[in-house]
Structure formats: structure tokens, C-alpha cells
Amino acid sequence: MRKPLLVAVASFSVLSFASAQGVNAQEPVTHEEVSTAEQELREIQQKYNIEEVDINTIPEEHIIKFDSVEDLEVFIKELQLVDSEEADTPSNFLTVSQDQPFNSLAAAAATKYYDDSAKMDWYSPFTGWGATSLLQFKRITFDYKYYYAGKVKRFKSDSITNIVSDIYGVSAWTWTQSGKGKSKISNTPSASSATIETDGFYTLGVTLNGFTIGAKLPGTIKSTYDLS
């Protein structure tokens with residue numbers, strides 16, 4: 001029963017945010033201000049590698065108004081921050097990015113591998129300009145193979161596949177993954193973990209002093225999964 005309550009609260013937050021932007025959007029601007037805004041937006045577009053898309057494909061609730069180019073930059077930097085839940089590793093152990101080698105070829109051949117899948121969900125609020133703790137959740141799912149080294153489960157090297165990332169809950173933009181994602185396996189004598197990373201882009205509308213574009217902002221979603 002708790003998750004629906006969170007979503008309901010999040011909906012109120014986003015509607016309030018969108019409503020405030022709608023009111024501000026009615027303020028008249030001069031032709032000179034629009035021209036200046038276009039120039040500033042083009043500079044930001046180049047600086048942050050933002051791809052322009054047809055504004056008509058952006059839902060109205062995903063068009064965000066900014067009063068200054070400084071506010072827009074704060075927003076972009078916050079949006080592109082990478083979440084990373086690093087695995088806890090004992091300080092006296094050295095982690096490596098591949099499975100520990102077997103003592104012999106015979107041992108490797110005798111190893112039994114198991115198939116499984118994993119899902120990571122975590123709360124990732126957006127607290128940038130214009131939105132106060134905007135509730136959103138991020139998710140990464142993937143398939144993998146594992147084996148046992150004694151009683152310790154370990155990821156099989158290069159076995160992580162079908163990586164999919166998503167953003168859900170309430171948000172003022174959409175997330176689209178690009179590519180298959182990548183992973184890095186780390187092992188210690190007592191634990192095994194994998195850091196999963198996917199690249200993609202956020203799609204939204206950006207309005208600055210009367211000039212509006214549809215924008216695709218590059219981003220990354222990343223988290224670490226502890227095998228247990």
C-alpha cells in the first residue's frame with residue numbers, strides 16, 4: 001500500500017511544478033529577448049551536446065520554462081548527475097574486473113553455471129532548479145550466469161546480458177536507453193558484485209525567454225548489484 005501513496009504525492013509535486021511553469025509562460029517577451037534567448041540556447045546546445053527534436057512531439061507537461069540561461073545550466077547539470085550505489089568492499093581486499101582464475105583447466109570444465117536475472121530499483125529524486133525533490137525512480141534489469149566458489153556465489157565472466165534501464169514514477173521528461181549497456185564484475189574472496197551502466201538521453205521541451213526547442217540531453221544511469 002505504500003508505493004501508490006508515494007506515486008500520489010509525486011503526482012501532486014509534478015502538477016504543481018508544471019502549473020507554475022504554465023503561469024510564467026504567459027509573461028510577454030520582446031523580439032530582442034527572444035533573439036537573445038535563441039543565441040544563448042544554441043550555445044548551451046553545443047556545450048552540452050544537446051540534440052534538437054521536433055517540439056510538437058513533446059507533451060505540454062514536459063515543456064519546462066527557464067527564466068535565465070544560468071537556471072538552465074543548473075538544471076542540465078543536475079539532470080546529468082550519475083547515480084551510483086557502489087558495493088561495499090573490505091579495505092584489505094583488492095578487487096579485480098574479471099573472475100578469479102581457476103587452478104586448472106579440469107576445475108574450469110567441471111564448474112556448473114546457473115542462469116538468473118536481477119532487478120535494481122532505487123529512489124532518485126530530482127532537486128534541481130524549479131522542482132523540489134521531484135519524485136522519480138530508476139531501474140536496471142539484466143540477465144547473468146553465476147557459479148559457486150565454495151559457498152560464495154560469483155558472476156561468470158562476460159555473462160551479463162539484456163541490460164535495460166528505465167525511469168518511472170512521476171517525471172517531467174522521458175528516458176530512452178541507447179545501446180546495450182555495459183558491466184564490470186568485481187570479486188573478493190567473500191563477495192561478488194557487478195556495476196551496470198547504460199547510456200541514453202532525456203527528452204523534454206526547453207523554453208527560455210520565449211524561445212522553445214525540443215531537446216534530447218545525453219545521460220547515464222548506473223548502479224551496482226551485489227550477488228548474494
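Tyr168 is buried, at a relative accessible area of 18%. That is from a predicted model, as is everything else I will show. Tyr168 sits in strand S6, which covers residues 161-169. Its ring partner is Phe137, and the two rings are stacked, with 5.6 Å from centre to centre and 20° between the planes. Stacked here requires planes under 30 degrees apart, so at 20° this pair qualifies.

Phe137 is also buried, with 16% relative accessibility. Phe137 belongs to strand S4, so the pair with Tyr168 in S6 ties together parts that are 31 residues apart in sequence. Arg139 lies over the face of Tyr168, and its distance from the ring centre is 4.4 Å.

Next, the other aromatic pairs. How many aromatic pairs does the structure hold? The count is 14. Take Tyr113 and Tyr147: the ring centres are 5.7 Å apart and the planes stand at 85°, so this pair is edge-to-face. Tyr113 lies in the loop between helix H4, residues 105-110, and strand S3, residues 114-123.

Is Tyr147 buried or exposed? Tyr147 is buried, with a relative accessible area of 4%. Tyr113 has 32% relative accessibility and counts as partly exposed. The cut-off for buried is under 20%, so Tyr147 at 4% falls below it.

There is also a cluster. Ring pairs link seven residues by name: Tyr114, Phe142, Tyr144, Tyr146, Tyr148, Phe155 and Tyr225. One of these, Tyr146, has a lysine over its face: Lys153, at 4.4 Å from the ring centre.

Now the helices. H2 spans residues 31-47 and H3 spans residues 69-79; their axes come within 11 Å and cross at roughly 25°. That angle makes H2 roughly parallel to H3. The crossing of H2 past H3 is right-handed. Which residues meet there? From H2 they are Glu40, Leu41, Ile44 and Lys47, and from H3 they are Val69, Leu72, Glu73 and Ile76.

Two asparagines deserve a look for their backbone. Asn49 is not a glycine, yet its phi is positive, near 55°. Asn49 is found in the loop between H2 and strand S1, residues 51-53. With a relative accessible area of 61%, Asn49 is exposed. Asn162 also has a positive phi, about 55°, and is not a glycine either. Asn162 lies in strand S6. At 53% relative accessibility, Asn162 counts as exposed. The cut-off for exposed is over 50%, so Asn162 at 53% passes it.

Finally, the whole chain. The secondary structure comes to 4 helices and 9 strands. Along the sequence, the pattern reads α-α-β-β-α-α-β-β-β-β-β-β-β. The protein has 228 residues, and 39% of them count as buried. As for contacts with a separation of 6 or more, 69% of them are between residues 24 or more positions apart.

Technical notes: Residues numbered from 1 in each chain as written. Predicted model: local features only at pLDDT ≥ 70, side-chain atom pairs only at ≥ 80, totals over all residues. Heavy atoms only, no water. Phe/Tyr/Trp six-rings, centres within 6.5 Å; stacked < 30°, edge-to-face > 60°. Buried < 20%, exposed > 50% of the residue type's maximum accessible area, 1.4 Å probe, protein only. Lys NZ or Arg CZ within 6 Å of the ring centre and 35° of its normal. Axes fitted to C-alpha atoms, helices over the stretch in contact; angles between N-to-C directions. Parallel < 35°, antiparallel > 145°, perpendicular 65-115°, else oblique. Left-handed = near helix turned anticlockwise from the far one by under 90°. Contact = heavy atoms within 4.5 Å.
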